[in-house]
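Okay, everyone, let me put the model up.

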Amino acid sequence: MTAICVEALEKTYKNGVQALKGLSLSVQTGEVFTLLGENGAGKSTLINILTTYLRPTSGNARMLGKDLYKNAAEIRSEIACVAQRTSIDTHLSLTENMMFQSKLYKIPKAEATERMKALIVAFGLERYMKYPVSSYSGGVKRRLDIALNMMSNPKILFMDEPTVGMDIQSRLAMWNMMKKIRSDFGTTIFLTTHYLEEADQLSDSICIMKDGKEIIQGTPLALREYLRQDMLQISFATKGQAKEHTAILAQSLNIKKMEVRESQIVFNVDNGLMELERTNHFLLDNQIIFTGIGIVKPTLEDVFIRLTSNPAKEVG
Ligand SMILES: Nc1ncnc2c1ncn2[C@@H]1O[C@H](COP(=O)(O)OP(=O)(O)OP(=O)(O)O)[C@@H](O)[C@H]1O
Ligand SMILES: [Mg+2]
């Protein structure tokens with residue numbers, strides 16, 4: 001079943017900035033859907049429209065089988081949104097925060113208590129209960145914020161860049177939490193990020209967007225050639241040296257496209273380890289002086305370059 005269906009959505013702000021330029025995408029019920037895009041791509045604008053805070057300039061959107069504008073109030077009661085800023089009250093305890101949330105949604109007390117217990121266990125929050133909320137780290141605050149948003153048993157949970165600025169430990173805890181929400185509570189998750197790895201690890205479906213429009217949508221597997229492409233990077237002492245060796249390397253190693261970035265040469269390869277060995281040999285055999293060689297993962301920018309050098313297509 002389709003949870004969210006967006007067609008040709010456009011949004012022009014009062015100042016004339018066109019944040020969405022005919023965006024279309026669809027989200028299936030029960031999946032983790034990731035919207036991947038750089039700063040200013042229009043991710044938050046879309047979330048604000050889908051959570052009914054903003055009205056689009058034109059286009060259609062249906063959610064949970066209802067029209068987003070005609071049934072806005074009804075839809076609002078069935079969704080929750082974890083915004084960039086947390087909605088926690090640091091003067092209240094963890095459980096007080098959760099019960100307060102249930103009052104906002106008018107959930108009967110007995111039911112709210114049961115639900116709170118289940119969420120505390122599911123998200124491993126027991127051990128924080130004895131400490132004041134004001135002492136929590138950023139990562140734990142965010143986990144509590146998500147637990148709060150889950151109190152109303154939403155059908156869809158929106159999260160706008162939930163892991164931005166987190167260290168790897170907190171990010172992993174957050175990923176586990178999202179997997180749990182999907183498996184234990186069956187909630188559809190719509191999240192935005194600009195981390196390729198996060199989209200790859202976590203999502204059932206990914207939509208990559210740029211400048212207010214989707215470029216491609218598919219499963220991580222279908223987008224594998226973009227998300228998990230190995231790249232080889234050879235470092236030189238200076239940019240001049242990198243430039244000087246580009247032509248000979250491209251020709252001898254039969255690489256169609258090589259790029260010089262600062263004092264490094266970077267190019268796509270199919271098999272990172274094999275190419276690393278081959279290239280390393282070539283450099284040594286030809287006594288080319290370099291300062292380092294290694295396999296690097298593509299950045300979002302690299303994915304865009306690859307995607308835009310191929311015409312957009314629907315995959316997965
Ligand atoms: N209230 C507003 N009024 C005018 N322009 C806005 C407003 N909000 C966002 N914009 C502009 O719309 C474009 C899309 O912004 P949006 O916040 O949706 O992007 P984003 O993908 O969420 O970016 P980020 O990764 O930085 O959060 C940007 O050019 C932004 O400057
Ligand atoms: Mg944003």
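So, α9 passes α10 in a right-handed crossing. This is a predicted model, by the way. The two helices are residues 239–253 for α9 and 272–285 for α10, and they pack at an angle of about 125°, with their axes 11 Å apart. That makes α9 oblique to α10. Who makes the contact between α9 and α10? On the α9 side you've got I248, L249, S252 and L253, and from α10 come R278, T279, F282 and L283. Sort the residues of that contact by type and you get five nonpolar, two polar and one charged.

Okay, zooming out for a second. The protein has 316 residues, and 48% of them count as buried. There are eleven helices and 14 strands, and the C-alpha trace spans about 75 × 50 × 35 Å along its principal axes. If you take the contacts with a separation of 6 or more, 68% are between residues 24 or more positions apart.

Now the cores. As a general point, nonpolar side chains in soluble globular proteins tend to be buried together. Here, the largest nonpolar core has 36 residues. Which residues have the most contacts inside it? Those are L94, M98, F123, L144, I146, L157 and M159. Several elements give two or more residues to this core: the strands are β6 (79–82), β7 (156–160) and β8 (188–193), and the helices are α3 (94–104), α4 (109–122), α5 (138–150) and α6 (168–185). The one that gives the most is α5, with six residues.

Have a look at L94 while we're here. Leaving out residues up to four places away in sequence, L94 touches I120, L125, Y128, M129, V133, Y136 and L144. There's also another core, apart from that one, with 26 residues, and L20, L25, I75 and M209 are among them.

L64 isn't a glycine, but its phi is positive, about 50°. You'll find L64 in the loop between β4 (58–63) and β5 (66–67). Is L64 buried or exposed? It's buried, with a relative accessible area of 17%, and the cut-off for buried is under 20%.

D211 is another residue other than glycine with a positive phi, near 50°. D211 is in a loop as well, between β9 (205–210) and β10 (213–218).

That's what I had, thanks.

Notes: Residues are numbered from 1 along each chain as its sequence is written. Chains are lettered from A and ligands numbered from 1 in the order in which they are written. This is a predicted model: local features need pLDDT of at least 70, side-chain atom pairs count only at pLDDT 80 or more; totals for chains, interfaces and linings use all residues. Side-chain values use heavy atoms; hydrogens and water are left out. Axes are lines fitted to C-alpha atoms, for helices over the stretch in contact, and angles run from 0 to 180 degrees between N-to-C directions. Helices (H or I, at least four residues) and strands (E, at least two) are DSSP runs, numbered from the N terminus. Angles under 35 degrees count as roughly parallel, over 145 as roughly antiparallel, 65 to 115 as roughly perpendicular and the rest as oblique. A crossing is left-handed if the near helix is turned anticlockwise from the far one by less than a right angle, and right-handed if clockwise. Contact means heavy atoms within 4.5 Å. Ala, Val, Leu, Ile, Met, Phe, Trp, Tyr, Cys and Pro count as nonpolar, Asp, Glu, Lys and Arg as charged, and the others, Gly among them, as polar. A nonpolar core is a set of buried Ala, Val, Leu, Ile, Met, Phe, Trp, Tyr and Cys residues joined through side-chain atoms within 4.5 Å. Buried means under 20% relative accessible area, exposed over 50%, partly exposed in between (1.4 Å probe, protein chains only).
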